[in-house]
Amino acid sequence: MKSKYVLGMDGGGSRTTVIVRTADKEGTFRVGQINFNGRNSWEVESTIDAICAELAERDLHPSDCLGICLGSAGVNNPFLKQEIERQFRQTGFAVEIDIYPDFEIALWAALDDVPDATGRLTGAGLILIAGTGSVGYGIARDGRTKLTGAMGPLLDDRGGGIEIGRAILRAVVCAADGRYPPTVLTQLVYEQWKLTDLDDLIEHVYAPDFVLKGVSELAPLLDRAVTAGDEVAQQIAAEQAGYLFELIGPIVDELDLTNEKLGLLGSIVRRSTAIRPYLLETIRTAYPQLTIIEPTQTAATVATRYARERYMAE
């Protein structure tokens, strides 16, 4: 008899982490994006096909699945949530598919908790995520929740990788015509994208096949420029840190979380040597009793825990 299993998934901005859990072992693999933000239906279908292929290599079939828990961007839209579920079902998954916004499962990870049978978490706290985009989300002890940001790069995402990349590009352009002082960011961008001058940059970003998300790869350049003492880069870092702090304040104040935990998630808030110091100083000044933590659990791990506790009998 084939093994029964559950799936826990974290559909991040650039890839999907999948954990497959059977009664006696657990395995992890990564595939493409599973959210519909800026993606075509066939791309998501291709990702689900890749999941099925990975399962087949483990001699597992969709019909053997007991349940799925998925966290993904873009599922605030009920239609998109239904579309993801439809695509799983057409590949043979005939089980419960619990789909949550990625920020909600990220909060579970920060609090090291999953909802009980009534759908409630036992703790309270908030998270700040800044990777490709940015979002704040929290839950009070009485169950109230609040979300800030999460509107995507065209409407918001300030403090995230795409917005930082755009700020860097604006600095390059403004330095070129004299609105900003000269900045080392200009040479760093040219080196990163193998360009020689401003004309090359204009041609590059306005090319028909240019993808806005590609701008996020410039974000790490800010760390190098700040380390070099570049004043323009320092101003960008302080500004972007301020944007991230704006995501926290309304949540802490409205849900009365001043004495709770704040989990920092995403490459910008965890690893950016340019932005992180500004951000931490601002948070500690405004909310000295807030406990800042670096979550050790991953979204995929707690999604798997949820699926195991709900669908897999001990």
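Tutor: In this predicted model, Asp59 sits in the loop between α1 (41-57) and β4 (65-72), and Asp157 in the loop between β8 (145-149) and α4.

Student: What makes the phi of Asp59 worth noting?
Tutor: Most residues other than glycine have a negative phi. Asp59, although it is not a glycine, has a positive phi of about 60°. Asp157, likewise not a glycine, has a positive phi of about 65°, and just after α3 the residue Asp112 takes a positive phi of about 50°.

Student: Why is Asp157 counted as buried?
Tutor: Buried means under 20% relative accessible area; Asp157 has 9% relative accessibility and therefore counts as buried.

Student: What makes β2 and β3 a pair of strands?
Tutor: The criterion is at least two bridges between the strands, and β2 and β3 (residues 26-31) have six, in the antiparallel sense; Ile19 stands opposite Thr28 in β3, and a hairpin of three residues joins β2 to β3. Strand β1 (residues 5-11) meets the criterion as well, with seven bridges to β2, again antiparallel, and there the bridge partner of Gly8 is Ile19.

Student: Why is helix α3 described as mostly covered?
Tutor: Helix α3 spans residues 102-111, and eight of its 10 residues are buried, including Phe103, Ile105, Trp108 and Leu111.

Student: What makes a set of residues a nonpolar core, and which residues have the most contacts inside the largest one?
Tutor: The members must be buried residues of the nonpolar kinds, joined through side-chain atoms within 4.5 Å. The largest such core has 49 residues, and those with the most contacts inside it are Leu128, Leu185, Leu222, Leu244 and Ile275. Elements giving two or more residues to this core include β6 (125-130), α4 (161-176), α5 (185-193) and α7 (220-227), while α8 gives the most, with 12 residues. Apart from this core lies another, of 26 residues, among them Leu107, Ala109, Leu111 and Leu121.

Student: Which residues does Leu185 touch, leaving aside those up to four places away in sequence?
Tutor: Leu185 touches Ile168, Ala171, Val172, Leu221, Leu222, Ala225, Val232, Ala233 and Ile236.

Technical notes: Residues are numbered from 1 along each chain as its sequence is written. This is a predicted model: local features need pLDDT of at least 70, side-chain atom pairs count only at pLDDT 80 or more; totals for chains, interfaces and linings use all residues. Side-chain values use heavy atoms; hydrogens and water are left out. Buried means under 20% relative accessible area, exposed over 50%, partly exposed in between (1.4 Å probe, protein chains only). Helices (H or I, at least four residues) and strands (E, at least two) are DSSP runs, numbered from the N terminus. Contact means heavy atoms within 4.5 Å.
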